[in-house]
Amino acid sequence: MSFPDNLWASLPLPALLLDPGDVICEVNSAAEDFLMTSARSLSGKPFFDRVRIDAPMDDALGRVRRNRAPLFINTVDVAASGRAAESCDIQIAPMTRMPGFVLVLMTPRQIAGRLRKAGAARSSARSAIGMAEMLAHEIKNPLAGITGAAQLLSMGLEARDRELTDLIVAESRRIVALVDQVEQFGNLRPPDRAAVNLHDILDRTCKSAALGFAAHMRISDDYDPSLPPAHVDADQMQQVFQNLLKNAAEAADPSGGSIRVRTFYDHALRVRHSDGSGADVPLQVEILDDGPGLPADLQDAVFDPFVSGRENGTGLGLALVSKIVSEHDGLIGVESRPGRTAFRVSLPLAPDPDPSEPE
C-alpha cells in the first residue's frame, strides 16, 4: 500500500494517507516538518486525534469516498500537538487503486507564497488582477476611443472592409468586459449581512437565468421548505448563484440540458477553529447540471482566477464565487464527472434576534 519512495519523497507539500477508518497510514517528510511530529508518532494513529483542521473534515472525507472525486477546502486553520495553527488550503483525493483510502494534501499559505515567488500560476493570476485593477481606467479610456474610431471608419467602407472594423469593435468590447470583471473581483466590498431567505434569492436568480443565459436549459428546484434564514449579503449571494447557474448553462450542450437547484439542512457541518470556537454552516445549496463535466486537468484549479475550460472564457466567475463564499465564512466544493457536476455552497445560519431590540 506504500507509494514509490521517490514519488512520496518528492512531494513538496505536507501529505498524509488515510485508511478507510481515517487512521494515518503514511506521512511524507514535508508533513513531518509542517506538523512538527515524526512519522513514527503519526502512523497508525487516528487522523482526528493528531491533526486539527477548522473544517468539517469528517463530512468531507465521507463525500470523497462516496463520490470518488477530489474535494478542495480553501483557507482553513491546521494545527497539531506542538505547533500553532496555520492557514492552509486542503485537497482531499481518493486513491483509485486503494478503495476507501484517501490522500490529504495541505498547502500552507507560507509555502504558497514561496511557490508564487517561484512563478506559480496562481501567483501570476493574482498579480495580473492587481495590475489590471491599477490600469483599468487607463485601459478603458483608449479602448473607448478605438471603438469609436472604428465605428466612424465603418460608415465609409464597403461591406467587405467593414468586417475588419466590426472585428476591432467586438474585440475592444470584449477587453472592456474583461476589465470590468477584474475590477469587480478586486473591489468587492465586505458583505453586509442580514437574515435572508435563500429560496427568495434562488427564485429570483433562476427566473432571471431562464429568461436570459439559461433560456435553452430546463431548470428545476428541490427546496427544503423548513430551511431557516441564512446570515448573508443578499446581493452578493445572488451573484454567487447567478455565476454558478451561468457556469452550468455555458458548460451544457448548445441544444440544452438540465439544471437542478437543491437546498437542504446538514446539522453536522461546522467550521471549527483552533481556539475551540466554531461556526455552523448547515445551510446547503447545490447547483447540479448534466453537462460533460469539468476537464480533469482543470479540476484542481477551478476556483483560481483566469482558469477556464471555455474558449474566450475569462475564468473569473468561479474565482469570484469562491471569494464571496469565503468572506461569508462559508465553504464551497465541486464534484464532477461526465453527466453530473455539482457545486455545493455551505452557509451559516442567521443569529437569533435579540429580544431586547425593537422589531
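**Salt bridges and nonpolar cores in a predicted model**

Glu286 forms a salt bridge with Arg262, and the closest N and O atoms of the pair are 3.1 Å apart; a salt bridge here is a side-chain nitrogen of Lys or Arg within 4 Å of a carboxyl oxygen of Asp or Glu. Because Glu286 lies in strand β13 and Arg262 in strand β10, the pair ties together parts that are 24 residues apart in sequence. Helices (H or I, at least four residues) and strands (E, at least two) are DSSP runs, numbered from the N terminus. Glu286 is buried, with a relative accessible area of 8%, whereas Arg262, at 27%, counts as partly exposed. Buried means under 20% relative accessible area, exposed over 50%, and partly exposed in between (1.4 Å probe, protein chains only).

A word on how to read these values: this is a predicted model, in which local features need pLDDT of at least 70 and side-chain atom pairs count only at pLDDT 80 or more, while totals for chains, interfaces and linings use all residues. Residues are numbered from 1 along each chain as its sequence is written, and side-chain values use heavy atoms, with hydrogens and water left out.

Across the whole structure, the search finds 7 salt bridges. One of them joins Arg63 to Glu335, with 3.1 Å between the closest N and O atoms. This pair links distant parts of the chain, as Arg63 sits in helix α5 and Glu335 in strand β14, 272 residues apart. Arg63 is buried at a relative accessible area of 10%, and Glu335 is buried with a value of 10%. Asp59 joins Arg63 and Glu335 in a network of salt bridges. Helix α5 spans residues 57–67, and its buried residues include Asp59, Ala60, Leu61 and Arg63.

Turning to the nonpolar side chains, the largest nonpolar core has 38 residues, and those with the most contacts inside it are Leu198, Met237, Val240, Phe241 and Leu244. Such a core is a set of buried Ala, Val, Leu, Ile, Met, Phe, Trp, Tyr and Cys residues joined through side-chain atoms within 4.5 Å. Helix α10 gives the largest share of this core, 7 residues. Leaving aside neighbours within four places in sequence, Phe241 is in contact (heavy atoms within 4.5 Å) with Leu198, Ile201, Leu202, Thr205, Val285 and Ile287. Apart from this core lies another, of 30 residues, with Leu18, Ala31, Ala39 and Leu61 among them.
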